[in-house]
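Let's walk through this structure together, one region at a time. Please keep the sequence and the 3D view side by side as you read.

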Amino acid sequence: MEEFKVPKKFPTTVVGSYPKLDPAPEILRKLRKKELDEKDFHELVRPAIKKVVDDYLWAGIDIISDGEQSREDMVVYFAERIKGYTVGDWVRIFDNTYFRRPVIFDKVEWTSPMTIEDWEYARSISKKRPVKAILTGPYTMVEWSFDLYYKDRKEAVLDIAKVIRKEVEEYLRRGVKYVQVDEPALSTRPWREDAELVKEALEIIFRGVQAKRVIHICFGRLERILPYILDYPVDQFDLEFKNSDFRLLSYLKEYSFDKELGYGVIDVHSLQIENIDEIVKDIEKLMKLDIIGPEKIYIDPDCGLKRLPREIARAKLRNMVEAAKIARERW
Ligand SMILES: [Zn+2]
């Protein structure tokens, strides 16, 4: 197999989700109707994962994901697999949008690997590129569920952190290099108390972990939580910049940010394909601040790409990779 080395400067990566490709939507429907068991489900979803990985390789992404083809929703997926959770019926919130709100009804427990099979499959076809382990964080799990069991929120969050920790241990046994925890709910509640609760949870999830520890937070009031999160036990913050017109940059300078940064340069809410020159200029905005060097900067989209049409997602990634190559020459 060909050798692959993650570039030392401006490595490229993805946040995680990708448009659902065939046959994933059909396989998900069958799972919902209980026509498939968990093992068959992960087998049958493989052709979709293969297409995602092929797109990443075509674009030239250095650190990839499995595209979250098995996850119809980042919270529901885990709620359906954690003991102590139940997932109710679909509720219509408006026109064509339905959601299912998970309910915690008992003490939560990890029973078996939840995400490993898809990750292992992606790794087997990744041509040696590292595949990130991507897990929904316990704070977001609790914020986006109904809790009928725990007396307080903190207890629930920390118990789910222990469940996620078990999953991380499964990855560590298999030699994972990057572990990412997604906490999008945090930027919608940008208060110190909430940020400190997430820190406690991360200490459980990441204690002694030798792989690269990443937290992804996106949208909402990132600049308000920034001062509370800088001492998190992580190696890398993966954050959205493009959609908010790089507003966060001046705050990074103000708070002397010095960790690794997943630098979101692709707007996942826009069909407009960022051109190469535009992305290079956006990288330049960070370089001009002179806070961290190119070896600490990971170039990636703001968030998962799941809402974009496949062709647009591919084209955006390709331009992002080309821009990173130019950046490596320049800085
Ligand atoms: Zn996100």
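**A guided tour**

Alanine 24 is buried, with a relative accessible area of 0%; here buried means under 20% relative accessible area, exposed over 50%, and partly exposed in between, using a 1.4 Å probe and protein chains only. This is a predicted model, in which local features need pLDDT of at least 70 and side-chain atom pairs count only at pLDDT 80 or more, while totals for chains, interfaces and linings use all residues. Residues are numbered from 1 along each chain as its sequence is written, and side-chain values use heavy atoms, with hydrogens and water left out.

Alanine 24 belongs to helix H1; helices (H or I, at least four residues) and strands (E, at least two) are DSSP runs, numbered from the N terminus. The C-alpha atom of alanine 24 is 8.4 Å from that of arginine 46, which is 22 residues away along the chain.

Helix H1 also leads us to the second largest pocket, giving 3 residues to its lining, the most of any element. Helix H1 (24-32), helix H2 (38-44) and helix H5 (116-124) are the elements that each supply two or more of the lining residues of this pocket. The pocket holds about 420 Å³ of space, and of its 21 lining residues, Leu31, Glu38, Tyr77, Glu80 and Arg81 lie nearest the centre. The lining is made up of 7 nonpolar, 4 polar and 10 charged residues. For these classes, Ala, Val, Leu, Ile, Met, Phe, Trp, Tyr, Cys and Pro count as nonpolar, Asp, Glu, Lys and Arg as charged, and the others, Gly among them, as polar.

On a 1 Å grid over the protein atoms alone, a pocket is an open set of points with protein on both sides within 12 Å along at least five of seven lines, a cavity is a set where a 1.4 Å probe fits but cannot get out, and lining residues have an atom within 4 Å of a point. Grid points are joined across faces, edges and corners, and a volume is the space filled by probe spheres set on the points. There are 3 cavities of 30 Å³ or more, and the largest cavity has a volume of about 50 Å³. Residues lining the largest cavity include Ser65, Asp66, Trp119 and Tyr171.

Next, look at the open sheet of 3 strands, with the order E1-E4-E6 and mixed pairing. Strand E1 (83-87) and strand E6 (146-147) are at the edges with a single partner strand each, so one side of each has no neighbour in the sheet. Two strands pair if DSSP finds at least two bridges between them; strand E4 (residues 102-109) and E6 run parallel, joined by 2 bridges.

Which protein atoms hold the zinc ion? Its donors are His216 (NE2), Cys218 (SG) and Cys303 (SG), at 2.1 to 2.3 Å, where donors are N, O and S atoms within 2.8 Å of the metal (3.2 Å for Na, K and Ca), and sites may look incomplete because water is not among the atoms. Cysteine 218 sits in the loop between strand E8 (212-217) and helix H9 (222-229), and cysteine 303 in the loop between strand E11 (297-301) and helix H12 (310-330), so the pair ties together parts 85 residues apart in sequence. Cysteine 218 is buried at 7% relative accessibility, and cysteine 303 is buried at 19%.
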